[in-house]
Every structure is written in structure tokens, then in C-alpha cells.
Amino acid sequence: MSRLKEQAALLKAVAHPVRLEILDLLTHGETCVQDAQELLDVSQPNLSQHLAILKKAGLADCRIEGPKRCYFLCRPTLVMNLMSLLSMENE
């Protein structure tokens with residue numbers, strides 16, 4: 001896949017309000033699905049779908065701790081820069 005196609009796929013993965021909320025949440029550290037669900041006020045199945053998209057895009061990954069799945073950023077600098085860039089739009 002060309003670099004531009006990879007970049008377009010990455011932008012497509014983040015181009016949803018819930019996924020942006022998830023990424024913002026993960027910039028503060030690892031978060032388990034149950035905690036994220038409560039903080040973001042989305043259903044567990046919906047949250048899992050969004051997390052799967054972020055995982056497939058290589059932005060997030062998870063570790064399993066007993067019955068819990070805890071997610072973290074794979075590319076924290078990229079995500080933090082993206083979130084910073086998006087927040088500048090509101091200035």
C-alpha cells in the first residue's frame with residue numbers, strides 16, 4: 001500500500017466523533033473497556049466496534065487482564081499531535 005493510501009486509511013479510522021473521544025481518553029493512559037464505556041456513555045458493543053477499528057489502524061492495542069481488556073495507544077506521539085492539531089482548529 002502506498003504511503004498516501006496508508007495515511008488516508010489512518011485518517012478514515014479517526015474520522016468519527018466516538019473514535020476521537022476514545023483516542024483523547026487514551027492520551028491520558030491505558031483504559032479498560034468498562035471504564036471507557038462509563039466515561040464515554042456508549043454501549044459496550046458500539047465501543048468494541050470502534051476500538052477494533054482503532055486497533056486495525058495500528059493506533060491502539062489491548063492487553064488482557066483476566067476478564068478485562070485494557071487499551072493503550074500504539075502511536076502516542078502521533079495521536080497527541082493529531083489531537084493538538086484538532087484542538088487548534090477551535091482557536
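At 38% relative accessibility, C74 counts as partly exposed, a class that lies between buried (under 20% relative accessible area) and exposed (over 50%), with a 1.4 Å probe and protein chains only. This is a predicted model, in which local features need pLDDT of at least 70 and side-chain atom pairs count only at pLDDT 80 or more, while totals for chains, interfaces and linings use all residues. Residues are numbered from 1 along each chain as its sequence is written, and side-chain values use heavy atoms, with hydrogens and water left out.

C62, at 15% relative accessibility, counts as buried, and its sulfur is 8.5 Å from the closest cysteine sulfur, that of C70, which is too far for a bond. C74 is likewise in no disulfide, the nearest cysteine sulfur, in C62, being 9.3 Å away. A disulfide here is a pair of cysteine sulfur atoms within 2.5 Å, and a search of the whole structure finds one: C32 is joined to C70, with 2.0 Å from S to S. This pair links distant parts of the chain, since C32 is in strand β1 (residues 31–32) and C70 in strand β3, 38 residues apart; strands (E, at least two residues) and helices (H or I, at least four) are DSSP runs numbered from the N terminus.

In helix α2 (residues 17–26), the buried residues are V18, R19, I22, L23, L25 and L26. Seen down the axis of α2, these fall within an arc of 160 degrees, so they line one face of the helix, the arc being that of the directions from the helix axis to the C-beta atoms.
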